[in-house]
Amino acid sequence: MTNPVLTAELALKSFYIFNSAFGPKEGEASWLFVLTSHPFTLSDSLQEEKKVLFYHPQDTDIDTKIKDVGLSEAIIKFSNTFTKDDSVQTMHTQKTCQFYYQPEPGYWMIMTLSVPFDRKTRDSGDYNEYHGDTIHDTIYQSVLRQAYRMFRMFHGTFQDNLRPNEELDAQANLIGRLEAFYQSYILHLQMKRCDVVDAFGSVQYLPLNQLLFLRVQNFINMIEATFAPIKHCIFLYSDQVVWSGINPTDLYTLYEYFHSPMFDQLAQSKQTRPAYVTEQGKCKRYTLMVCRKVQNISLCLLLDDGAVENEQSLGLPNDVMNLIVDLLDDVRSNRSSVMDETIVKTHDDYWIVKRSCNTRHVFIILNKSSTLIDVTEETKKILDQHCLNIIENSFSESSDTPDWLRAWICCFRLCCMRMASWSSWSHCWANPTVECSV
């Protein structure tokens with residue numbers, strides 16, 4: 001009679017990334033020490049360690065890292081004697097299951113899982129009963145591939161990061177990027193919760209009737225047509241996808257990112273970050289901006305790389321910013337829907353024009369020495385050219401527009417546009433409340 005006395009669940013044993021090209025070349029002395037049964041010298045260990053770009057757990061000693069990488073290299077080379085496409089993917093033993101993935105030429109990602117077991121006892125003594133059949137290759141191979149796609153989404157390819165900066169050489173810079181990302185990413189991996197959803201790599205779409213879907217599509221088209229830096233949009237409602245302008249693989253990666261603790265941590269520190277999207281077989285860099293959550297709606301914007309930084313680098317004097325905030329406070333305290341206009345000039349020739357109409361508020365900042373008449377005329381030109389659809393939005397007049405979509409249109413009025421001829425800015429704010437009349 002056997003009785004279970006101890007149970008060990010599925011767990012991540014190790015996760016590492018290596019590139020054999022960074023170590024000693026074939027024919028050098030390091031591997032000859034193994035063949036001749038001589039111990040490694042310190043210099044040999046340092047040479048072999050160069051292959052290791054990332055290793056988890058971090059406190060693993062150098063000898064273990066070198067041994068694991070060397071064993072992986074041997075398995076890969078052995079499998080290549082039978083195939084020519086580096087097709088080794090999984091290796092099962094009684095106690096572990098190891099997954100292999102080569103995302104880029106020369107770069108290998110290895111993930112090792114501890115097989116769950118039950119500790120049992122019998123007359124002859126205690127023994128472990130392993131359950132290797134509970135680990136499905138397809139599921140955890142997908143988890144490993146997704147780990148690479150998540151890094152590529154926000155940092156680019158491994159090869160793109162193999163370049164020196166002011167303080168580090170190329171390899172050290174890549175190692176630093178990998179450690180900074182995967183140290184946080186691995187902490188949130190919950191292996192025992194991975195299931196068929198990870199294998200499918202799919203997202204959940206929100207079913208809509210044709211009319212509502214066309215209205216959302218019209219809204220997206222209006223945003224992309226009005227603001228040139230915005231190249232792609234993703235529209236979600238209650239964490240379900242309504243519209244996406246990017247390929248399904250990158251959409252799934254972003255979808256997973258939005259539901260991970262990594263997103264919540266980043267949202268507290270910054271509102272934008274780089275994002276790399278695959279287009280026509282190439283990785284193109286954008287700036288990702290996420291606006292969430294207004295009435296359970298999230299809007300993800302992919303802007304031209306550098307668009308946000310270039311805008312912010314111009315900056316505005318503190319007195320101008322303070323005046324804008326004061327005017328904004330007046331707007332929030334006065335909810336009347338009447339039209340009004342306020343024009344303020346600072347001592348350093350900044351003109352601030354605030355125009356309100358039916359709870360829509362536009363702020364225009366001009367930096368030019370000019371008269372009140374010139375400012376009024378230029379303001380009219382800017383509004384006619386850039387903000388006409390915001391001030392007079394016929395889409396919002398329809399009584400059939402659902403409340404959640406009305407609320408979003410009302411709240412999505414944080415618009416930044418640089419007028420090249422005047423080096424001016426136009427900003428539009430609205431209170432993110434349902435009672436805003438769209």
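The conversation below takes up several terms in turn.

Guide: Please bear in mind that this is a predicted model.

Visitor: Why is C97 called buried?

Guide: The relative accessible area of C97 is 0%.

Visitor: What makes C300 buried?

Guide: C300 has a relative accessible area of 2%. That value is under 20%, and C300 is therefore buried.

Visitor: How many disulfides are counted?

Guide: The count is zero. A disulfide requires a pair of cysteine sulfur atoms within 2.5 Å.

Visitor: Why does V197 count as partly exposed?

Guide: V197 has 45% relative accessibility. Buried residues are under 20% and exposed ones over 50%, with partly exposed in between; V197 therefore counts as partly exposed. This residue lies in helix α6, which covers residues 196-200.

Visitor: Which residues make the nonpolar surface patch of about 310 Å²?

Guide: V196, V197 and F200 make that patch. Patch residues need over 30% relative accessible area, and V197 stands at 45%.

Visitor: How do you know whether S142 is buried or exposed?

Guide: S142 has a relative accessible area of 17%. Because this is under 20%, S142 is buried. Its place is in helix α4, residues 137-155.

Visitor: What makes the approach of S142 to T138 a polar contact?

Guide: The side chain of S142 reaches the backbone oxygen of T138 at 2.8 Å, and the limit for a polar contact is 3.5 Å.

Visitor: Which residues does S142 contact, leaving aside its neighbours within four places in sequence?

Guide: S142 is in contact with D198 and A199; contact means heavy atoms within 4.5 Å.

Terms used: Residues numbered from 1 in each chain as written. Predicted model: local features only at pLDDT ≥ 70, side-chain atom pairs only at ≥ 80, totals over all residues. Heavy atoms only, no water. Patch = residues over 30% accessible without salt bridge, like charges linked within 9 Å, V, L, I, M, F, W, Y side chains within 5 Å. Areas by Shrake-Rupley, 256 points an atom, 1.4 Å probe, with all protein chains shown as cover. Salt bridge = Lys/Arg side-chain N within 4 Å of Asp/Glu carboxyl O. Helix = DSSP H or I, 4+ residues; strand = E, 2+ residues; numbered from the N terminus. Buried < 20%, exposed > 50% of the residue type's maximum accessible area, 1.4 Å probe, protein only. Polar contact = N/O pair within 3.5 Å; in protein donor to acceptor, adjacent residues only side chain to side chain.
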